[in-house]
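User: I'd like to learn how to read salt bridges in a model. Can you walk me through it?

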Amino acid sequence: KDIEGSSGINAEYGVTKETWMEVHGVRHFVPNTDATSDIWVFDLPTSTWFELPQTLPLEIFFHSGAVGSDGDLYLFGGSRYCQWKDRNGNPRKITKRINKLFKLQMQLPSLLESAWEVLFEHYGHLDQEDFLEMGVPEFLVRRSFVPTIR
């Protein structure tokens, strides 16, 4: 987006598929503007931008982002603007750091991934060996448990 009076753009990005680059948490250096929750994709072969229907759960900036092997976008931390009033009742804006992890599904998961998520959600109290005995593929089970140090 071109914004009148903009002196630049600050954004985080991640690469999905082999031809797209996602840009999220765009903050334009325009006085008195906030971060946005937009997610934009740059299609490398056509050199065109388009906005995704998904949005970030918060309007954040200066966060970290990565695209996982599952094609989902993971965002961590960042800053956001918070409004408050001083002793005289004048509105003020401060920047607050956040410590949250967000996962945005950028494409439909495979049937295998969907089934594993449902199974793990309902039976997550079981241990690794229980899942393996039920016939769950080992690669799914191993990636879902943190190794314990003895």
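User: Which residue forms a salt bridge with Asp72, and how far apart are the closest N and O atoms?

Analyst: This is a predicted model, where local features need pLDDT of at least 70, side-chain atom pairs count only at pLDDT 80 or more, and totals for chains, interfaces and linings use all residues. Residues are numbered from 1 along each chain as its sequence is written, and side-chain values use heavy atoms, leaving out hydrogens and water. A salt bridge is a side-chain nitrogen of Lys or Arg within 4 Å of a carboxyl oxygen of Asp or Glu. Here the partner of Asp72 is Lys103, with the closest N and O atoms 3.3 Å apart. That pair links distant parts of the chain, 31 residues apart: Lys103 sits in strand S9, Asp72 in the loop between strands S5 and S6. (Strands are DSSP E runs of at least two residues, helices H or I runs of at least four, numbered from the N terminus.)

User: Is Asp72 buried or exposed?

Analyst: Buried means under 20% relative accessible area, exposed over 50%, partly exposed in between, using a 1.4 Å probe and protein chains only. Asp72 is buried at 6%, while Lys103 is partly exposed at 45%.

User: What else does Lys103 meet in a salt bridge?

Analyst: Glu117, at 3.9 Å from N to O. Glu117 lies in helix H1, 14 residues from Lys103. Shared partners join Asp72, Lys103 and Glu117 into one network.

User: How many salt bridges are there in the whole structure?

Analyst: Five. Another pair is Arg143 with Glu113, at 2.4 Å, linking helix H3 to helix H1.
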